Amino acid sequence: MRIWRRLRAGWGAIFGRVRVESELDAELRFHVEAHAEDLMHAGLSREEALREARVKLGGMERTKEECRDALGVSFIESVIQDVRFGLRMLRKNPGFTATAVAIVTMGIGANVAVFSVVNTVILKPLKAPNADRIVQVEPTYQGVPGTGAGLPEFNLWRQQTNIFQDTSAYRLDRMNLIGGSSPELIPVARVTLDFFRLFGAPVLKGRTFTADEDRPHGGNVAVLSYGFWARRFENDSQVLGKAIVLGSESYIVIGILGPNLDTEQFDRIPDVWLPFQIEPNTDDHGSYCYVAARLRTGVTLGKAIAQLQAVVQEYRRRFPAFSSKEGFTVQPLREAMGNNSRRLIMLFVGAVIFVLLIACANVANLLLARGSRRMHEIAIRAAVGAGRGRVVRQLLTESTLLSLVGGTLGLLLGMVGIRALLALYPGNLPLTSPVNPLYIPRIGESGSAVTLDWRILGFAVLASLATAVLFGILPAFQASRADLNLLLKENSASSGFHRPRTRSMLVVSEVALALVMLIASALLIRTYIALRSVNPGFNSHNVLTMQMSLTGTRFEKTSEMEQLVRDGVRRVQALPGVTDVAAACCLPLETVWQLPLIVVGRPLDGPYHRFGGWTFISPDYFDVFNIALTRGRAFTERDDANAQAVVIINEAMAKALWPRSDPLGERLIIGRGMRAEYDKDSARQIVGIVGDVRDTVLDRPPRPAMYVPIAQLPDGINVINLRLLPITWIVRTRVAPYSVSLAIRSSLEQASGGLPASGIRSMDEVESQATARTRFEMLLMTVFGCSALLLAAIGIYGLMEYSVQQRKHEMGIRLALGADSRDVRNMVVFQGMRLTFVGTVLGIGTAFGLTRLIAGFLFGVRAWDPGVFIAAPVLLGAVALLAVWLPARRAATMNPMVALRHE
Amino acid sequence: MNKQLDLLQGTLDMLVLKAVSLGPLHGYGVLLRIQQISKGSLEIQQGSLYPALYRLERDGWIASEWGESENNRKAKYYRLTAAGKRRLEAEAEKWNRMADVIAGILRTGAEGS
């Protein structure tokens with residue numbers, strides 16, 4: 001009952017605040033007058049009576065305050081008061097306010113941007129029903145999961161219905177869509193029929209595949225994705241039953257998917273979905289797909305992995321070539337997709353935390369400085385009747401205001417930052433290679449999938465408040481413990497109260513943290529430089545590449561393929577500005593097939609001697625890339641289907657298999673045991689050895705590789721390759737590559753009878769894409785390193801500036817007594833640099849410990865590289881010196897008379 | 001003149017209630033009445049009076065109303081509510097009991113005297 005009354009009183013009081021105020025005032029005035037009247041009757045004059053009455057009543061304001069307190073108006077009222085006062089104080093010191101807000105904005109903005117991305121890549125679940133039960137099933141080699149699975153494995157896993165449900169295989173191809181003004185190369189997904197159920201694909205119209213359609217020779221049907229239907233068919237509702245032509249075959253459209261399917265498993269959003277049509281008893285062992293499934297209810301991840309071991313045994317029985325080093329495992333799909341980015345994300349997070357710490361230290365410093373400058377004002381407030389708690393609350397309100405403003409701006413900055421991050425993020429760079437060598441998941445086209453969900457907003461608010469409390473509380477408590485008497489007697493500028501030790505400690509830690517960041521940035525910059533200067537083994541300048549999808553029946557026979565290549569090369573060679581032309585299945589620095597090989601005449605204990613990279617090429621391939629031929633000869637037109645089967649190997653393979661003898665003339669059997677078509681390939685004689693070319697990533701030594709002529713491919717292998725990858729044309733030009741691209745394109749189109757060549761990239765671009773990730777890491781760390789440096793400099797400057805201000809009096813005296821102005825300046829510089837020195841030592845020590853964590857990112861530079869560990873502190877020292885110099889000069893050039901007079 | 005006694009907050013509340021129980025009063029009047037009924041032994045700190053009045057009103061023991069004073073000036077009058085009456089009785093009883101207990105303790109002589 002009483003609480004109710006209190007609430008009502010408080011509530012009513014807020015609304016009737018004006019009324020309450022005037023009533024209170026009237027009441028107390030009445031009291032004074034009534035008392036005065038009595039005193040006048042006792043003989044005092046009117047003035048004396050009034051004065052006496054007022055004195056007896058005590059402080060009007062204080063009484064009013066206590067009455068207001070009693071009414072319960074006080075809390076909300078006083079909070080509003082605090083806010084208004086806080087705003088006014090912040091407005092009066094625009095320099096301080098702007099700096100503090102800027103720092104908080106940067107800190108929170110960085111956090112919001114990074115954690116949004118982290119949230120999407122790692123934390124956000126797949127948008128599918130029961131997404132946490134969806135796993136990726138994959139083969140492992142020596143315990144490490146490989147990328148992709150083979151068809152026989154899929155068939156076997158699918159049979160494990162006690163572990164998995166809705167087991168699905170999927171892969172992404174590129175095919176030519178014929179029809180319309182010109183053929184277009186589109187991403188096409190091949191999926192087994194359970195895929196749609198597994199991922200909860202919404203079907204807008206029609207249906208998805210039946211079991212009959214998903215069998216070999218099950219017919220040509222296709223399902224369209226929503227975006228493609230909208231774009232190509234303009235939402236035509238009559239599209240079901242119509243046919244589309246892909247490659248050289250026509251497919252009947254049987255269904256259309258709804259718009260919200262999460263397709264992050266694929267490098268690009270598939271436009272068309274075709275049935276995989278896997279043969280149930282196939283023994284084709286190349287890696288052709290990814291496999292995902294849902295765990296049966298009651299089956300945990302651990303149980304699934306354990307049960308899979310029995311399946312491994314069964315597989316090995318059926319396919320003895322499956323060595324003991326290989327196995328199967330299961331991972332949650334989300335993790336499998338995010339894994340490669342995890343490292344990158346962790347780097348992000350680490351950097352952001354550092355910068356945030358520095359920012360907090362900085363703002364704490366600023367607030368401490370402000371706090372001591374306002375001691376005088378605070379003392380007066382306390383004397384007028386504000387309790388200690390009230391003072392603390394008022395200061396905390398100010399820092400909360402700062403943080404909320406900074407936090408809001410930070411949120412906006414974060415949104416901008418997200419877009420910038422995504423634009424640069426390597427996974428989102430346009431990739432025209434059908435196989436993503438970096439396997440980094442896309443994160444939403446232009447930021448669309450990274451939304452500011454409530455978790456991020458909540459985080460931003462929490463971060464703001466946390467920073468407010470963190471750096472507001474220290475000064476607030478210091479302030480409230482002030483000895484009021486002492487403060488009121490002193491003038492505001494004198495040192496008595498400020499705590500130089502705390503502020504110095506803050507500066508030292510800022511310097512240390514900034515140094516660690518600098519060292520990390522420097523290491524990454526050097527890594528990038530090292531990667532760029534790695535000799536890739538080929539010359540990528542002035543080389544243009546483009547791809548052509550040859551799916552269909554026209555080029556199934558090797559002789560037809562070879563004819564196409566020869567025609568194409570001839571036509572393009574004839575163009576002005578073109579030096580060399582070649583065709584191959586893939587480019588250096590991008591994925592290369594790995595096939596097992598057997599050296600003829602060497603004892604064998606197992607199905608093969610080793611794996612090697614395998615590329616088929618046209619004769620001028622090495623010329624186009626300026627790859628050195630070190631021994632033997634290159635391919636010529638005479639190495640055709642009727643001649644002796646030949647192969648060229650690279651230095652790495654020569655050293656690996658023939659360390660002390662000459663490989664020329666030895667013979668290799670390639671691909672035996674992979675599938676029947678490879679078994680038809682005869683033993684090939686080594687006729688040449690070429691220089692090593694870096695493959696997939698620049699920071700690994702080149703792997704052993706083999707090259708075979710296109711003309712000598714068995715028909716069966718040719719067919720397989722056509723279906724998997726487009727052929728790549730490579731042209732070396734005398735002039736800028738893009739200037740002839742159109743001419744090249746049309747020549748190739750003529751040679752192929754109308755097939756489009758697309759995905760035009762210069763080899764320089766390809767190379768730059770291979771280093772994209774490292775460049776991104778380096779960019780990120782540089783940005784963070786510079787921010788850290790800047791913040792530390794601000795911190796040092798602020799402290800020195802403040803210290804000079806505080807000691808104006810003392811310095812004025814020194815100057816007046818005859819000290820050289822240079823001495824005064826040097827004294828300030830010395831003090832500032834001493835702090836920097838301590839911070840530097842701390843920083844170096846910390847860096848030694850921490851750089852081990854980023855050793856995984858480094859290349860060509862050690863984690864404790866002496867050059868970096870010397871250069872970074874020197875840089876920091878120079879910046880610190882600059883930051884200290886300005887206040888020092890101000891101290892030195894100060895007019896002693898002014899300083900002495902300064903209150 | 002009797003020595004001024006120092007007053008605790010709890011007792012001030014009780015005295016105010018008592019003063020007001022004898023008839024509605026404005027703040028100054030409460031002051032005078034307490035002085036009067038204590039026969040001058042108690043002089044209240046004026047500064048603590050009004051907060052006490054507001055507190056008691058918030059808690060519901062007294063209610064206020066604007067009226068006219070003797071000199072036809074506007075003044076805020078306080079009167080005891082029913083709940084306040086009960087509270088006053090309860091507090092008075094507690095006070096008396098406490099006084100008895102303490103008096104008893106103090107009356108106890110030294111052992112054997």
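So, to start: a salt bridge here is a side-chain nitrogen of Lys or Arg within 4 Å of a carboxyl oxygen of Asp or Glu. What I'm showing is a predicted model, where local features need pLDDT of at least 70, side-chain atom pairs count only at pLDDT 80 or more, and totals for chains, interfaces and linings use all residues. Side-chain values use heavy atoms, with hydrogens and water left out, residues are numbered from 1 along each chain as its sequence is written, and chains are lettered from A and ligands numbered from 1 in the order in which they are written.

Okay, salt bridges. Take Glu562(A) and Arg566(A), whose side chains meet at 3.2 Å, N to O. Both sit in helix H17 of chain A, residues 558–573, four residues apart, about one turn of the helix. Helices, by the way, are DSSP runs of H or I with at least four residues, and strands are runs of E with at least two, numbered from the N terminus.

Is Glu562(A) buried or exposed? Buried, because its relative accessibility is 18%, and buried means under 20% relative accessible area, with exposed over 50% and partly exposed in between, using a 1.4 Å probe and protein chains only. Arg566(A), at 35%, counts as partly exposed.

Another pair is Asp173(A) with Arg171(A), with the closest N and O atoms 2.6 Å apart. Asp173(A) is buried at 4%, and Arg171(A) is buried too, at 15%.

Then there's Arg633(A) with Asp639(A), at 3.0 Å. Here Arg633(A) is partly exposed at 33%, while Asp639(A) is buried at 6%. There's also a network: salt bridges that share partners join Arg158(A), Asp166(A), Asp194(A), Arg197(A) and Arg294(A).

Now over to chain B. It has an open sheet of three strands in the order S1-S3-S2, with antiparallel pairing. Strands S1 (25–26) and S2 (62–68) are the edges, each pairing on one side only. Two strands pair, by the way, if DSSP finds at least two bridges between them. S2(B) and S3(B), residues 74–80, have seven bridges. Which residue in S3(B) is the bridge partner of Gly67(B)? That's Ala75(B).

Last stop, back on chain A. Arg91(A) lies in helix H5, residues 74–92, and is exposed, with a relative accessible area of 64%. Glu249(A) is in strand S8, residues 249–257, and is partly exposed at 34%.

That's the tour, thanks!
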